[in-house]
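Please view the sequence and the model before reading on.

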Amino acid sequence: MDNVIIKYTGKKPQLTNPIFIEGLPGIGNVGKLAVEHIIETTKAKRFAEIYSKDFPPQVFINPNGTIKLVNNELYCLKSTEKNQPDLIMLTGDYQGLSSRGQYDLVDAILSMLKEYNVKSLYTLGGYGLGHDIKKPDVLFATTHKKLVKPMKDYGAVHKKNEPGGGIIGASGLFLGLGKLRGFEGVCFMGETPGYLVDPSSAKEVLKILMKITNLDIDLTQLEKKAKEIEEIARQLTEMENRGKEKTDELGYIG
C-alpha cells in the first residue's frame, strides 16, 4: 500500500474551476462540523475516499455489522447559480498522526486539486480560548496580502500576534504547501472554548463562507446542536460547582 491512496468511488466529477474547502477534525471540531453541514444540507456527492498509512490502525463497525477502514472523503457540489463556484470539500475521521504523514496526505490532495484546476483553498478550524465565549469571532490568515482586506470585508478578524504558535495541522499545511505550488488560500478559525464540539463557532465560520461562495445554507440544525451543547456545558458547570462546594464543606470540617 502506498502512503496515500485516493480511490474514486465512481466516475470522476466534471467540475469548472472549483474552490477547495477543508474541514477535518480539530479544536472544537469546528471545521469538520462546518463542512459536514454543507454536505448534508446541499446533498453534495462523495466522489473519492482517501486512505493513509498514517491514520490510526483502526476500523469502525457499521450498524449492519460490517466494518469501515478509517479514511478521509472528498465531496463535490456543482453550482446551480452563475455567481456560485463549484466546490470540492474534504472531511474525514482523522488527520495524519505524524508530521511526515501530514505532509504526504496534503501533498497528494494538492496534486489531485491541480488536475481540477483549483486555484483557491479555504481551510476551516477552531481557535481554542480555554474559556466560554458568547459570540465567537472568526480569525483568519491568508497566503497573500491582497486577500487580507476582502476577508475583513466579509467579517473575519485579524488579530496581531494571534493565533500564537501559528496554525498546526492540515489547515495550516494546505496553505503553506499550497502557496509553494501556486494556490491562493485562507484559513478561517472560529473562536471556541475547545473542550466540547462547537456548533456555534462552526455556524459563524459558515456565515463568512456563505458570503464568499454565495451559497444559501440553512443553519437551523447547527443552531439546534449549539443549544444542546450549551445545555451540556451548563450541566457540567453545575456539577463542577457542586463538587467545589462539597470540597469547601469538607475543608471546613477538617
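Which residue in E3 is the bridge partner of Val-4? The partner of Val-4 in E3 is Ser-52. The model is predicted, so local features need pLDDT of at least 70 and side-chain atom pairs count only at pLDDT 80 or more, while totals for chains, interfaces and linings use all residues. Residues are numbered from 1 along each chain as its sequence is written, and side-chain values use heavy atoms, with hydrogens and water left out.

**Strand pairing**

Strands (E, at least two residues) and helices (H or I, at least four) are DSSP runs numbered from the N terminus; two strands pair if DSSP finds at least two bridges between them.

| Strand pair | Sense | Bridges |
|---|---|---|
| E1 (residues 4-8) and E3 | antiparallel | 5 bridges |
| E3 and E6 (residues 72-77) | antiparallel | 5 bridges |

Within E6, Tyr-75 is the bridge partner of Arg-46. Strand E3 (residues 45-52) is largely enclosed by the rest of the structure because 6 of its 8 residues are buried (under 20% relative accessible area with a 1.4 Å probe, protein chains only).

**The largest pocket**

Lining the largest pocket are 20 residues, and Ile-133, Pro-193, Asp-198, Ser-200 and Glu-230 lie nearest its centre. Helix H5 (199-213) and helix H6 (220-253) are the elements that give two or more residues to this lining. H6 supplies the largest share, 8 residues. A pocket is an open set of points on a 1 Å grid over the protein atoms alone, where a 1.4 Å probe fits, with protein on both sides within 12 Å along at least five of seven lines; lining residues have an atom within 4 Å of a point.

Note on methods
Buried < 20%, exposed > 50% of the residue type's maximum accessible area, 1.4 Å probe, protein only.
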